[in-house]
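Student: Hi! Could you walk me through the ring pairs and the buried spots in this one?
Tutor: Happy to, let's bring it up.
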Amino acid sequence: MLLSKFLYQKLCYRYRSLSSPLCTAIFLQRTYHTNMSTRRQALLLSSSNCHGYSMLEFAKQEICSFLSKNNVTELVFVPYAQKDHDNYTAKIKDVIEPWGFKITGLHTFPDPGSKISSSKAIFVGGGNTFLLLKTLYEKNLVNLIKTKVDEGSLVYIGSSAGTNVATKSIHTTNDMPIIFPPSFEAIGIVPFNVNPHYIDKIESETHKGETRDQRISEYMQMSHARPVLGLREGSILHVDGFTLMLKGIAGGVLFDIVGKKEYAVGSDVSFLCEKEVC
C-alpha cells in the first residue's frame, strides 16, 4: 500500500516542501512500513470510570473479548501512575478477577522487566502521566514494552495515563507535571497523541477561562506536533495491527493540521497510521 497523493501533499505541507529530502524520506519510510506486518494488540481507554457505570463496567465486554481472543488468563497490572501501588492494584483486582482473569501487580516483582518479558498482557492504570512515564523510564520498561507489543508477544490495555504513555508522547496529557520524566516521548504503540477525558463543552455560562480545544490547538502549532485524538469519557481505541477502531460508549475528536473532526463509536480511524509512520 502506497501513501496517497493527497496525504503525501498534506505531510509535505507540514514540512513546508514537496521536494524536501525529509519529505522524500517520509514517503519512502511510509511505503516500507505499510508493507511490513505488525501483530500489535492494544485497548486504549479514555478512563476507568465513566458516569453511570461502576469502575471499568463500560469497557467490560471489550476487555473480556480482547483478553479471551488473545488467550490471556493473567493480567499484570502496572500501578505506577499512583503512589499507593497496593491499594490501586487491589481495586483493579476486585473489579477484573470476577470476570475470570487473574490480576498481579507489577510492583510486587523484584525484576519488573523480567516479569514483563514473561507476561502475555499488561494493564497500565491511570493517575499522573508524568509520574507513570518517569517510573517506566527508571525501570527500563519503555522500549521493552514497545518491542514486545510490536512483535505480538504482549497485549496492552491502558486507561487514562496508561493510554497517554502508549502514544507518541505525553505532550497532550491533562495532568500537572508533578515530577519530570527524562523525556516526554512515550512508548509509541501508536504514532499520534491522545487526549483522554476529552471534553469540549463548558457547562457554566460564566466560564471565560481556557478550554481543552485551546490547549490542543496550542500544541498543534508546535513543530513537533502530531495529530491528537481526543477520547471522550467512555471511549476506547482498539488497536489491531494497522487497524484502529473507536469502540466503547462514546466517540472521539481528531485534531490535525486541517482542523477538528468528530468520529462516532464504530468509526475506523486506521488512516491515522497514514498521517505518520505507523
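Student: How many aromatic pairs does the count come to?
Tutor: The count comes to five aromatic pairs. The rule takes rings of Phe, Tyr and Trp (its six-membered ring) with centres within 6.5 Å, and calls planes under 30 degrees apart stacked, over 60 edge-to-face and the rest tilted. Keep in mind that this is a predicted model, where local features need pLDDT of at least 70, side-chain atom pairs count only at pLDDT 80 or more, and totals for chains, interfaces and linings use all residues. Residues are numbered from 1 along each chain as its sequence is written, and side-chain values use heavy atoms, with hydrogens and water left out.
Student: Why is the pair of Phe77 and Tyr88 edge-to-face?
Tutor: Their ring centres are 4.9 Å apart and the planes sit at 90 degrees, so the pair is edge-to-face. Phe77 belongs to strand 2 (residues 74–78) and Tyr88 to helix 4 (residues 85–96), so the pair ties together parts 11 residues apart in sequence. Helices (H or I, at least four residues) and strands (E, at least two) are DSSP runs, numbered from the N terminus.
Student: Is Phe77 buried or exposed?
Tutor: Phe77 is buried at 0% relative accessibility, and Tyr88 is buried at 5%. Buried means under 20% relative accessible area, exposed over 50%, and partly exposed in between (1.4 Å probe, protein chains only).
Student: Which residues do ring pairs link into a cluster?
Tutor: Phe77, Tyr88 and Phe123.
Student: OK, new topic. Which residues are buried in helix 9?
Tutor: In helix 9 (residues 212–220), Ile216, Tyr219 and Met220 are buried. Their arc around the axis is only 100 degrees, which puts them on the same side of helix 9. That arc is taken from the directions from the helix axis to the C-beta atoms.
Student: And what covers the buried residues of helix 9?
Tutor: The cover includes strand 6, strand 7 (228–232) and strand 10 (252–255).
Student: Where is the place of Ile189?
Tutor: Ile189 is in the loop between helix 8 and strand 6, and this residue is buried, with a relative accessible area of 0%.
Student: What does Ile189 touch, not counting residues up to four places away in sequence?
Tutor: With contact meaning heavy atoms within 4.5 Å, Ile189 touches Arg40, Ala42, Lys146, Val149, Tyr156 and Ala166. Take Ala42: Ile189 and Ala42 are 147 residues apart in sequence, while their C-alpha atoms are 8.2 Å apart in space.
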